[in-house]
Amino acid sequence: MERLDRRLGFFSALPLAMLLAVAFLAPLLVIAVFSVMPQRVFSLFNAPDFSAYRVFFQQGYYGPLAWSLGMALVSTIVLFLISWPLAYGMAKVFGRFTLVLTVAVVMSLFVSENIRLFGWVLTLMKGGLVEGHFRALTGVGFESPLYNVPIIVFGLVYVYFPFMLFPLAQGIAMVPDDARQAAADLGASRWRVLWEIELPLAAPGIVVGCLLSFVLATGALAESKLLGGQSVIVIADEIETAFTYGQNWPLGSALSMVLILIIGALAIVAVTRIDLDTIMGRRR
Amino acid sequence: MPASRSTKIALYLYGVLAIVILYLPLVSVGFASVSRARYLSFPIKRYSTEWYARALESPTVADLVTTSLKVAIIVTIVSMVIGFFGALAFARYHWRYRGTFQKLILLPIFFPQTVLGLALLMWFNSVGIIPTWKTAVVAHLVWIAPIATLIIAIRAYSFDPALEEAARDMGASTFLILREITLPLLMPGIVAAGLFAFLLSWGNFPLSLFTTGADSTLPEWLYAKMVSGYSPLVPTVGIMSVVGSFCILILAFAMTWLLRKARNNRPKGADNDTGG
């Protein structure tokens with residue numbers, strides 16, 4: 001039985017493991033190799049050359065990287081603050097409404113993110129849904145909030161909302177009601193319960209939600225292009241330019257490598273924190 | 001420590017507000033799609049369905065829909081098959097590298113899709129594959145097959161391995177057990193995974209962006225038009241794509257509901273679903 005289980009497990013994992021080896025791990029390896037190639041070389045057999053990484057520092061590519069990381073950080077903090085009450089409601093207060101909310105949020109994920117962001121452009125632009133109607137009613141218009149940094153952060157918050165909400169709700173659901181009740185009975189204030197009971201016990205969900213939204217927001221491209229109107233160049237944008245217009249593969253690869261290393265480190269931390277058997281409800 | 005009444009009301013209102021904000025942009029796109037003017041401005045003065053008629057006639061749109069459908073259908077079928085076996089390895093069998101396998105599956109989901117698309121583009125180029133819609137299928141699979149696996153795994157966690165063991169004790173072969181016990185029990189999960197796979201592939205933009213080569217999917221074309229100048233067709237085609245996915249969702253819900261109803265009408269005992 002044991003041996004059969006082992007063999008079956010191995011063989012059933014094979015198709016997916018092969019897919020990921022060929023189409024996920026191998027491409028990452030190729031990027032790593034290309035990043036140490038001389039410029040204008042499109043084959044893999046050359047002496048290593050780290051000039052692309054030098055260019056990264058000399059030509060100020062840390063600027064876009066800093067923008068990406070900074071906006072991702074701010075949007076993660078905002079996301080945490082706005083999602084917490086809702087996740088709390090989903091885990092502890094709402095009954096059937098949790099299902100409604102879950103379905104509504106999941107359904108929004110099926111709409112292409114660029115259609116949703118474009119919808120925000122139509123909503124917020126001058127003469128858009130908000131400003132247009134406001135002007136028609138009052139006769140005074142106002143400047144559109146589009147095409148600057150805060151609106152990009154708003155776009156990130158909007159797009160990655162589900163990736164914070166669901167892990168948080170999962171985390172809060174793991175806080176036993178007894179613990180909160182006991183703390184309250186012993187005279188702890190609402191804030192003290194939050195600080196000393198809820199936050200620590202919901203930590204797994206918090207860590208996963210924050211890392212997930214941070215990582216995804218760092219690599220985001222469409223938000224800054226559609227809502228930000230190129231007011232800020234993000235790192236994903238620079239990578240795209242290096243590969244497409246610039247035809248500078250080593251530079252593009254080096255930029256990707258820097259991003260991949262940051263993201264990969266965080267993702268691995270997050271992934272090792274998740275105990276899937278518990279979260280997904282193993283019976284035995 | 002139950003929440004007070006006013007806290008509850010505030011939380012409910014907050015939840016409703018979240019849903020409204022989530023769908024507000026689609027409302028704007030919806031209005032824009034029925035505006036008659038070539039240059040959109042709110043409030044809309046004259047409504048017309050002219051752009052819908054044009055979109056339906058346009059051969060470009062027909063091409064885009066065909067490409068997107070091809071990609072989504074193949075991704076769906078492959079994800080369901082790979083996900084079925086993946087989920088068994090993930091949740092059901094005890095084998096040596098199960099923990100590693102579980103974490104490997106999560107990595108692509110955690111990875112920014114734009115960067116993944118670019119990495120795949122380079123990979124295809126360096127092994128001499130010219131990107132077409134077929135390479136986009138591979139790109140979608142890297143992200144969607146793990147998600148399908150997770151969805152089926154939830155179902156796989158909730159089923160009782162004793163059922164399989166009983167069948168084995170009675171002499172059923174591994175293949176027979178898979179076909180007669182495991183597959184039917186996991187079916188609801190597999191269908192849900194297929195639904196997710198189709199819809200996520202249909203709407204996916206960042207992975208398609210770099211991996212379709214000369215072909216173009218619907219979200220990609222919309223993005224190109226959004227970045228380089230407004231076309232009145234953009235909101236129209238966008239809404240058509242969204243309505244298409246929601247129709248499929250509603251159809252799926254209706255079918256599940258009908259199936260469940262039909263099953264409940266059957267005499268007791270005919271139903272051997274363990275639930276989940």
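This is a predicted model: local features need pLDDT of at least 70, side-chain atom pairs count only at pLDDT 80 or more; totals for chains, interfaces and linings use all residues.

Visitor: OK, chain A by itself. How many helices and strands?
Guide: Chain A has 14 helices and zero strands. Its C-alpha trace spans about 80 × 70 × 35 Å along the principal axes.

Visitor: How much of chain A is buried?
Guide: 44% of its 284 residues count as buried. As for contacts in chain A between residues at least 6 apart in sequence, 75% of them join residues at least 24 apart.

Visitor: Switching to the core: how many residues are in the largest nonpolar one?
Guide: The largest nonpolar core has 167 residues. Those with the most contacts inside it come from chains A and B: A:Val121, A:Leu156, A:Tyr160, B:Leu141, B:Val142 and B:Ile152.

Visitor: Which helix gives the most to this core?
Guide: Helix α6 of chain B, residues 133–157, gives 17 residues.

Visitor: Back to A:Leu156. What does it touch?
Guide: Leaving aside residues up to four places away in sequence, A:Leu156 touches A:Met71, A:Ala72, A:Ser75, A:Ala217, A:Ala220 and A:Glu223.

Visitor: Now α8 in chain B. How far apart are its end C-alpha atoms?
Guide: Only 38 Å, for a helix of 30 residues (174–203). A straight helix would reach 44 Å at 1.5 Å a residue, and α8 of chain B falls short of that.

Visitor: Where does α8(B) bend?
Guide: At B:Met187, by about 55°. A proline, B:Pro188, follows within four residues.

Visitor: Last one, B:Asn125. Where is it?
Guide: In helix α5 of chain B, which runs over residues 113–126.

Visitor: Why does B:Asn125 count as partly exposed?
Guide: Because B:Asn125 has 16 C-beta neighbours inside 10 Å. A residue needs 20 or more to be buried, and 12 or fewer to be exposed, so 16 falls in between.

Visitor: And how far is B:Asn125 from B:Ala136 in space?
Guide: They are 13 Å apart, C-alpha to C-alpha, and eleven residues apart in sequence.

Technical notes
Residues are numbered from 1 along each chain as its sequence is written. Chains are lettered from A and ligands numbered from 1 in the order in which they are written. Helices (H or I, at least four residues) and strands (E, at least two) are DSSP runs, numbered from the N terminus. The expected span of a helix is 1.5 Å times one less than its number of residues. The bend at a residue is the angle between axes fitted to the seven residues ending there and the seven starting there. A nonpolar core is a set of buried Ala, Val, Leu, Ile, Met, Phe, Trp, Tyr and Cys residues joined through C-beta atoms within 7 Å. Two residues are in contact if their C-beta atoms, placed from the backbone, lie within 7 Å.
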